[in-house]
Amino acid sequence: MKFLGNVLAVIVGLFIFTILSTLIFFGIIGMIAASSDQKVTVKENSILHLNLNGRTLVERTAEDKLDLGAFGNPFGRDMSAGLINLKRAISEAKTNESIKGIYLNVGLIMAGQANLLELREAFLDFKESGKFIVAYDEAYSEGGYFLASVADEIYLNPLGAIDFNGFSSEGIFLKGLFEKVGIKPEVFRVGEFKSAVEPFILTKMSEENRLQTQFFLDDMNNLAVAQIAGSRGIALDSLQKINKEMLIRKPQDAVTYKLATALAYEDQVHAKLREKLGLEEEDDISTINATDLGSVVKSKNITSKNRIAVIIAEGDIVGGNAEGVISSEKFAKEIRKARKDDDIKAIVLRVNSPGGSIVASDVIWREMTEAKKAKPLIVSMGEVAASGGYYISAPADTIVAQPNTITGSIGIFGLWFNVKGLLNEKLGVTTDVVKTGQLSDFMNPTRELMEVEKTIIQSSIEDGYETFISRVAEGRGMHPDSVKKVASGRVWTGTQAKERGLVDVLGGLNTAIEIAAGKIDAGDDYRVVYYPAKKTWFEELFSSFGDKVQTRILQAQLGENYQLIEKVKQLQNYQGVQVRMTQDIVIK
């Protein structure tokens, strides 16, 4: 009887769960439908509130109005913010008479330097309207302060902090781990600066890698300090001293050295915003977020027949048709679609990638060369467009990069792991093989590589390098020997790359679009359409299941140690010959 009672309880529980799930499901659908019928309006005397604190800046997010956290998503709030979405909202705020200013919370934003610069430039453009920008946070990271420094007034919590002590980049090295578990990496590469393999074979940076890292870090830090000095009205040499010696050590130091306007709590900052808006002490501040303001822009009728396709290529370059990366099949199809569409007059490829598979890169390169024959082709480089990211960019008519974009890394490598020690000595597993030819078990990971195998692989790597060089030489109109002088896997900033002929123009995505418009003589009469199509809010909600849930749990449990897990997981993408930059250049 007890068994039957338990079964009945389970059945009833499942029934109730199904009913509740159905009600919640249709409730969400109803709210989405109701929301879609509501036209967003901007109230008089409003402020655009941009709360990017703790968010990760990506190229673009879902276009839908609703936030993934709006209905209590059990897997946490979507913590990404789209650069394109934000720039659209800031541009609208500049001209919308109902919006009087911007209130910024950007202290701990997570983003690469080039995307931060692009967003910062959007704020500087906004300030030309004469409207105010006010920033407040409890703590500012180096990147967060770089953004906040454009504000007319910068407030810091009385117990807060500003991280302003220059850039650093720290790598994770796995050689010791492999030695402990009995795994022996075999590396094949061309280029003394091709350092993507160093984490697997060294315990610290090579001198070549240290040289190139110091070179581009200095360039990027100098740019950031100069920009901040200009915005804050501080002498450059004084700010450089503050930065190098980390003189902002206490909250009051930020005020003393003019990096902050004053120390204040958020309610005090809100009071200052009321003053700017002419409100009384008890009056509510009318705010609008970037998503809602963006929908106002979308609702405007755009009828221009001069269409420019912007194809967003973000992530590792891999073969097939995978999501969340630059997969060769998918992106070749998108470029081909834009090429064959008579309504598309020009193409802009927005690249944000450290590279990946040489085969996948070459597939995309082929479609780029065909597109170039049909219509103007411009590349806009984001945070990083290096190695394979540069490979697919090379055919463009014009390459545009930010001064602090990470690019170059024209080199190639192959990586193979001998797991014999792990199997035999650590796990007690042995193997045996029967084969019909000397190389029938080519690159068998359970034994040492034969010299003939090493020769074959190295020859393949060298052939791949020559192909890479020829692709760049053809696209840039350079002699192969000239390309080799700036290649060898070396990483450059956008400014350094322009000086060496690898980049044509310094600027952001808007610059690339304007160049494309100029090539089709469109003037201001053009419309930008983005590819690939983004997922809807509903699709994004359900994509939170599975891998995203597992990722968030691991991140919460492991903290900074999660990077080590990610480093090992990335090995699954190292299939075949790779044109990949130094992994995970995280600038702090």
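This is a predicted model: local features need pLDDT of at least 70, side-chain atom pairs count only at pLDDT 80 or more; totals for chains, interfaces and linings use all residues.

Residues are numbered from 1 along each chain as its sequence is written, and side-chain values use heavy atoms, with hydrogens and water left out.

Helices and strands here are DSSP runs numbered from the N terminus (H or I, at least four residues, for helices; E, at least two, for strands). Helix H2 (residues 83-95) packs on H3 at an angle of about 10°, and their axes are 9 Å apart. Axes are lines fitted to C-alpha atoms, for helices over the stretch in contact, and angles run from 0 to 180 degrees between N-to-C directions. On the H2 side, Leu-83, Leu-86, Lys-87, Ile-90, Ala-93 and Lys-94 meet Asn-115, Glu-118, Leu-119, Ala-122, Phe-123, Asp-125 and Phe-126 of H3, where contact means heavy atoms within 4.5 Å. Eight nonpolar, one polar and four charged residues make up this contact. In this classification Ala, Val, Leu, Ile, Met, Phe, Trp, Tyr, Cys and Pro are nonpolar, Asp, Glu, Lys and Arg are charged, and the others, Gly among them, are polar.

H3 (residues 113-127) also packs with helix H7 (residues 207-232), at an angle of about 20° and with axes 12 Å apart. H3 is therefore roughly parallel to H7. Their crossing is left-handed, meaning that the near helix is turned anticlockwise from the far one by less than a right angle (clockwise would be right-handed). Gln-113, Leu-117, Arg-120 and Leu-124 of H3 meet Met-220, Leu-223, Gln-227, Ile-228 and Ser-231 of H7. The contact of H3 with H7 has five nonpolar, three polar and one charged residues.

What does a cavity search of the whole structure find? There are three cavities of 30 Å³ or more. A cavity is a set of points on a 1 Å grid over the protein atoms alone where a 1.4 Å probe fits but cannot get out, and lining residues have an atom within 4 Å of a point. Grid points are joined across faces, edges and corners, and a volume is the space filled by probe spheres set on the points. The second largest cavity has a volume of about 40 Å³. Its lining consists of Asn-221, Asn-222, Val-225, Gln-240, Asn-243 and Lys-244, with H7 and helix H8 (236-244) each supplying at least two residues.

Two loops carry backbone details. Lys-258 has a positive phi of about 70° although it is not a glycine; Lys-258 is in the loop between helix H9 (251-256) and strand E8 (262-263). A cis peptide bond, with omega about -10°, joins Tyr-531 and Pro-532, and Pro-532 is in the loop between strand E21 (527-531) and helix H20 (537-542).

Key
Angles under 35 degrees count as roughly parallel, over 145 as roughly antiparallel, 65 to 115 as roughly perpendicular and the rest as oblique. On a 1 Å grid over the protein atoms alone, a cavity is a set of points where a 1.4 Å probe fits but cannot get out, and a pocket is an open set with protein on both sides within 12 Å along at least five of seven lines; lining residues have an atom within 4 Å of a point.
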